[in-house]
Amino acid sequence: MERFIYQPSEKRGDGVNKVIVKVTGEQTDAAGDVSRIEMTALGEHYFRNGKHYIIYEDTSLAEGAPASTMLKVASDSLTLTRRGAVEQEQHFSPQSESRSRYQTPFGDLDLCVATQRLDIAYGSVSGSIDVAYDMHINGEWQSANELHIEVEADISERQKLN
């Protein structure tokens with residue numbers, strides 16, 4: 001697995017751009033209870049080998065403890081990797097399942113995500129991602145989930161991009 005820790009770059013260059021990442025999520029469990037998350041973070045974006053990489057600190061997990069998060073966005077897939085408060089990797093590809101380990105300070109869980117829908121609209125730095133998926137934990141259906149991710153160039157970067 002790829003190791004990374006998000007630390008904002010002091011110098012710009014090498015195609016790295018400051019971005020604002022907005023994540024909204026909705027989770028519906030077996031009882032029909034709905035929980036929502038919203039998070040906004042400053043991050044960085046770069047494009048390499050035909051893929052967009054977005055790296056930011058996610059504080060919406062584990063009671064606000066930060067997790068370095070990397071989104072690897074291809075034209076037809078999304079990989080979400082977290083390191084820190086939790087360790088996990090989720091791969092989303094239309095009509096497919098992926099299995100991984102979700103590691104927390106309280107123990108590990110076997111995680112399976114079954115992607116129902118994945119819509120990616122991405123430009124050079126900014127874009128949006130919508131994903132709907134079912135989550136199974138330790139072999140049991142847990143929830144239906146939807147994520148909406150928006151990435152936009154930070155205002156300090158917009159002048160350089162236009």
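Good morning. The model is a predicted one, in which local features need pLDDT of at least 70 and side-chain atom pairs count only at pLDDT 80 or more, while totals for chains, interfaces and linings use all residues. Residues are numbered from 1 along each chain as its sequence is written, and side-chain values use heavy atoms, with hydrogens and water left out.

I begin with the overall fold. The protein has one helix and ten strands; these elements are DSSP runs numbered from the N terminus, with helices being H or I of at least four residues and strands being E of at least two. Along the sequence the pattern reads β-β-β-β-β-β-β-β-β-β-α. The ten strands form an open sheet in the order E6-E5-E4-E3-E2-E1-E10-E9-E8-E7, with antiparallel pairing. Two strands are taken to pair if DSSP finds at least two bridges between them. At the edges stand strand E6 (88-92) and strand E7 (97-104); each has a single partner strand, so one side of each is left without a neighbour in the sheet. From one strand to the next, the twist averages 25°, where axes are lines fitted to C-alpha atoms, for helices over the stretch in contact, and angles run from 0 to 180 degrees between N-to-C directions.

Some individual pairings deserve mention. E1 and E10 run antiparallel and are joined by eleven bridges; within this pairing, Ile20 has Glu152 of E10 as its bridge partner. Seven bridges join E3 to E4, again antiparallel, and Tyr53 stands opposite Lys72 in E4. E4 is also joined to E5 by seven bridges, in antiparallel fashion, and a hairpin of four residues connects E4 to E5. The bridge partner of Val73 in E5 is Leu78.

How much of the protein is buried? Of its 162 residues, 42% count as buried, where buried means under 20% relative accessible area, exposed over 50% and partly exposed in between, with a 1.4 Å probe and protein chains only. In E4, six of the seven residues are buried, so this strand is largely enclosed by the rest of the structure. The protein exposes about 9,000 Å², and carbon and sulfur atoms supply 47% of that area; the areas come from the Shrake-Rupley method with a 1.4 Å probe, and for residues only the protein chains shown count as cover.

I turn now to the interior. In soluble globular proteins, nonpolar side chains tend to be buried together. A nonpolar core is a set of buried Ala, Val, Leu, Ile, Met, Phe, Trp, Tyr and Cys residues joined through side-chain atoms within 4.5 Å. The largest such core has 27 residues, and Ile54, Tyr56, Leu71, Leu78 and Ile149 touch the most other members. Among the elements that give it two or more residues are strand E1 (17-29), strand E3 (51-58), strand E8 (107-122) and strand E10 (140-153). E9 supplies the largest share, five residues. Apart from this core lies another, of five residues, including Val16, Tyr53, Ile55 and Met70.

Which residues does Ile149 contact, leaving aside its neighbours within four places in sequence? They are Val21, Lys22, Val23, Leu71, Leu78, Gly127, Ser128 and Ile129, with contact meaning heavy atoms within 4.5 Å. Over the protein, among contacts with a separation of 6 or more, 39% are between residues 24 or more positions apart.

The next topic is aromatic pairs. A search of the whole structure finds two; rings of Phe, Tyr and Trp (its six-membered ring) pair if their centres lie within 6.5 Å, and planes under 30 degrees apart count as stacked, over 60 as edge-to-face and the rest as tilted. Tyr46 and Tyr53 are stacked, at 4.9 Å centre to centre and 10° between the planes. Tyr46 is buried at 16% relative accessible area, and Tyr53 is buried at 12%. Phe92 and Tyr133 form a tilted pair, at 4.9 Å centre to centre with 55° between the planes. Phe92 lies in strand E6 and Tyr133 in strand E9, so the pair ties together parts that are 41 residues apart in sequence. Both Phe92 and Tyr133 are buried.

Finally, I note two loop residues. Asn49, in the loop between E2 and E3, has a positive phi near 50° although it is not a glycine, and it counts as exposed at 74% relative accessibility. Asn138, in the loop between E9 and E10, has a positive phi of about 50° and is likewise not a glycine; Asn138 is partly exposed, at 46% relative accessible area.
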